[in-house]
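Please read them with the structure open.

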Protein chains: 2
Amino acid sequence: MSYSGYWGKSLEFLKKNSLEVGSQVKVRTDAEYSGIIMPRYEHSDDQHIALKLKNGYNIGLEIGKISRIDAEPSHGAKKESTAQPHPDPSLPKILLISTGGTIASRIDYRTGGVTPALTAAELNASVPELSKIANIDTEVLFSEYSENLMPEHWIKIAERLDSCARTEYKGIIVAHGTDTMQYTAAALSFALSGYPKPVALVGSQRSSDRPSSDAALNLISAARFLTDTDAAGIFVVMHNSTSDDEVACHWGTRVRKNHTSKRNAFQTVGGAPAYIVKNGTIEKNPQFDHPRKSYNPRINFDKKALLLKYYPGLDPSLIDHAVSSGYQAIIFEGTGLGHVGRILYDSIQRAKKKGLFLGMTSQCIDGMVRMTVYDSGRDLLNLGVVPLDNMVPEAALVKSMWALSNSKDEKEMERMMRDNVALEISD
Amino acid sequence: MSYSGYWGKSLEFLKKNSLEVGSQVKVRTDAEYSGIIMPRYEHSDDQHIALKLKNGYNIGLEIGKISRIDAEPSHGAKKESTAQPHPDPSLPKILLISTGGTIASRIDYRTGGVTPALTAAELNASVPELSKIANIDTEVLFSEYSENLMPEHWIKIAERLDSCARTEYKGIIVAHGTDTMQYTAAALSFALSGYPKPVALVGSQRSSDRPSSDAALNLISAARFLTDTDAAGIFVVMHNSTSDDEVACHWGTRVRKNHTSKRNAFQTVGGAPAYIVKNGTIEKNPQFDHPRKSYNPRINFDKKALLLKYYPGLDPSLIDHAVSSGYQAIIFEGTGLGHVGRILYDSIQRAKKKGLFLGMTSQCIDGMVRMTVYDSGRDLLNLGVVPLDNMVPEAALVKSMWALSNSKDEKEMERMMRDNVALEISD
């Protein structure tokens, strides 16, 4: 029996009614609710039980107000067909790689929690429309929520994509958690600069078995985008509105998750998405111009890069700590046009002397860093801090990890960071 | 003679033409330009001179393409009247406190750079419309770009405001740099919770002597807002559009600078501004409801709080370093709904055991932290990480500095952080 997080009165209540975490129940209080008893976290009180409703939302019910509670037959894990649809030789081929995340998740009917449980084949089979767009091969690369993905995972995804660069696939879908999707998108953009096929990172903000899930439309739109355009490179393909009708394809180095829960959480920073998929048609942003480069895979990252957001009261000794800990690069999220308080200058000077790359982005996120306008900016330029134009801070950090492991000295590192490798600098 | 940043060919060029940094010149290349020779930064090449044009923009001119360059009579520092307009006893009184920043800056005609040079009296005199709205007393508290302001400065501003709480002023304008304005606004909101008068932090994105400056409209709108509404508390009053016609009054704990250079860089996160000033009328956002609290000044901050943004590859030992350096609080900018990779769990556990306050915000910036949806969130709740709802990360950091110095133990600290002290949590 599992009572995770229940104690005191609420534990007693569950035991008395022969219930446990994961039990499917019908509860009567002021209204009647059906759902699954969820685990509670340790610091919760002992006056409530938590219930996951069928619509996916969790509610807390006060024990004292429950007039009746009955166990119901459990749904058990839904058995889904994993059979591949019959391939249609007239359709293009797509590879669907699953790495985990909400899109590959469903509610675990034992614990009531959401866990990454769907294989890529199940995901494919759960969206029958896909088989009308392309013949889809599926594989599971790993199964992790994206907050647990590390640069080592970026390398695995990049290596798998690299192995597909010259195959018959028209494009590749990477199912991925949304939490760090923008970091992976940037990492793949740099590691696979000039990649000859389109890659769509696709996630969902609501798990695939919820009625409000955005998974199906995101997948269908990604498949359309891969098969019906001549795009190449790394994109993030996610809802573009709160309703279920429009999907945006964001360029991989300019995209950011700007809302914790909305389905249209992802936005292109400082511009419109590269493509919009709506009602079966695909519209290209006339401003989006991706000059084709020759494919130049350089798949490695060095984690000795620190992202440091400046704020009033920040202790300059953090920089000295980074230097003595062997960091090779610091990406500042400065204020405004790219400033930090002069209290950091001495530590910055010491870091520069030790050969660290010091790059400046802005915590404003949108807009150009301009370090020649004010004394503060010019001071930092004189200290050797390199302005990174309008790179999104997270993309600049990922780029520094990539450039560190692909440059032989400070000069080359700086040149690579200033170079517009994968449209990370926009106009 | 000053040649700051010039060397080699460009230095030779200046000397040959008897020019220096700060010289007013007319230059002929492909076109004709008038402007002031600007300093260059050390790493610049020696092929260009930098010129600040009359419209405030800087351009670089290649020496090889200059067919003619002539010194022009210098404007010298413009002499402005600092005389106070004659007070009108029928108008309300406002106090204008200057702390520095672009709004109190003008181009230094010696160096061509922008420096904080205007006194509050000069600022007032430079916008004659103000005297028709209120009788304005002026004073200079300090004169700093806001990237150099520290929690010690927040305390000075808060103490000065506290001393005005029961005076005849209808409201107070604080002229402030835009770089860290949102931090100061949050700091004053917590330190002066329930402040009985309206305070408008006003800045500008373009210096006051540039034709495109936003300073005048922001000041005039702030004065109207202070005199014509019954608002109380701390607001940021800045342009609401790229044109020069609409100004927004943002609530001090929900505002963020979201663009490096646009005049409408400031936005209310997750909602509309509290008030809009347009064409002399003021519109209140019907959603904005500030329940009046009794005034409870607690003016102190403890800098032992760390803002830590999670990213793939972040070294968990940074947390251990914070613990051993004596930090008392860590505010995480987690991913998505409020997650970090499990790689941090051990370090988080050690920090919690040492009694640090650990709070969770989201690097998405907009939207609620919800840590009961996924295993990752529940794990962190079990480790004692406190969800900070939809506090803007920077406001949460400032709040933790404030709560640290106003709580006697861990429990009270957590209670204060969860409490909605100054509308930092919105619906």
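1. Overall size of chain A. This is a predicted model. Taken along the principal axes, the box filled by the C-alpha atoms of chain A is roughly 75 × 60 × 30 Å.

2. Make-up of chain A. The secondary structure consists of 10 helices and 21 strands. Of the 427 residues of chain A, 52% count as buried. Among the contacts in chain A with a separation of 6 or more, 71% are between residues 24 or more positions apart.

3. The contact between the chains. Chain A contributes 58 residues to the contact, and chain B contributes 58 residues. On the side of chain A that touches chain B, at least two residues each come from β8 (114-116), β18 (305-309), α8 (375-382) and α9 (393-404). The largest share on that side, five residues, is supplied by α8(A). Sorted by class, the side of chain A that touches chain B holds 23 nonpolar, 22 polar and 13 charged residues.

4. A helix pair in chain B. Two packed helices are described by the angle between their axes and the distance between the axes. Helix α3 (residues 151-164) of chain B packs on helix α4 (residues 181-191) of chain B at an angle of about 50 degrees, and their axes are 10 Å apart. The two helices, α3(B) and α4(B), are therefore oblique to each other. The crossing of α3(B) with α4(B) is right-handed.

5. Residues between those helices. From α3(B), the contact is made by B:Trp154, B:Ile157, B:Ala158 and B:Leu161. From α4(B) come B:Thr184, B:Ala187, B:Leu188 and B:Ala191. By class, the residues of this contact are seven nonpolar, one polar and no charged.

6. Backbone at A:Asp389. Most residues other than glycine have a negative phi. A:Asp389 has a phi near 50 degrees, a positive value in a residue other than glycine. A:Asp389 sits in the loop between β21 (386-387) and α9 of chain A. Is A:Asp389 buried or exposed? A:Asp389 has 20 other C-beta atoms within 10 Å, so it counts as buried.

7. Backbone at B:Asp389. Phi of B:Asp389 is likewise positive, near 50 degrees, in a residue other than glycine. The loop that holds B:Asp389 runs between β21 (386-387) and α9 (393-404) of chain B. B:Asp389 is buried because 20 other C-beta atoms lie within 10 Å.

Conventions. Residues numbered from 1 in each chain as written. Chains lettered and ligands numbered in written order. Predicted model: local features only at pLDDT ≥ 70, side-chain atom pairs only at ≥ 80, totals over all residues. Contact = placed C-beta atoms within 7 Å. Helix = DSSP H or I, 4+ residues; strand = E, 2+ residues; numbered from the N terminus. Nonpolar A, V, L, I, M, F, W, Y, C, P; charged D, E, K, R; others polar. Axes fitted to C-alpha atoms, helices over the stretch in contact; angles between N-to-C directions. Parallel < 35°, antiparallel > 145°, perpendicular 65-115°, else oblique. Left-handed = near helix turned anticlockwise from the far one by under 90°. Buried ≥ 20, exposed ≤ 12 C-beta atoms within 10 Å, placed from the backbone.
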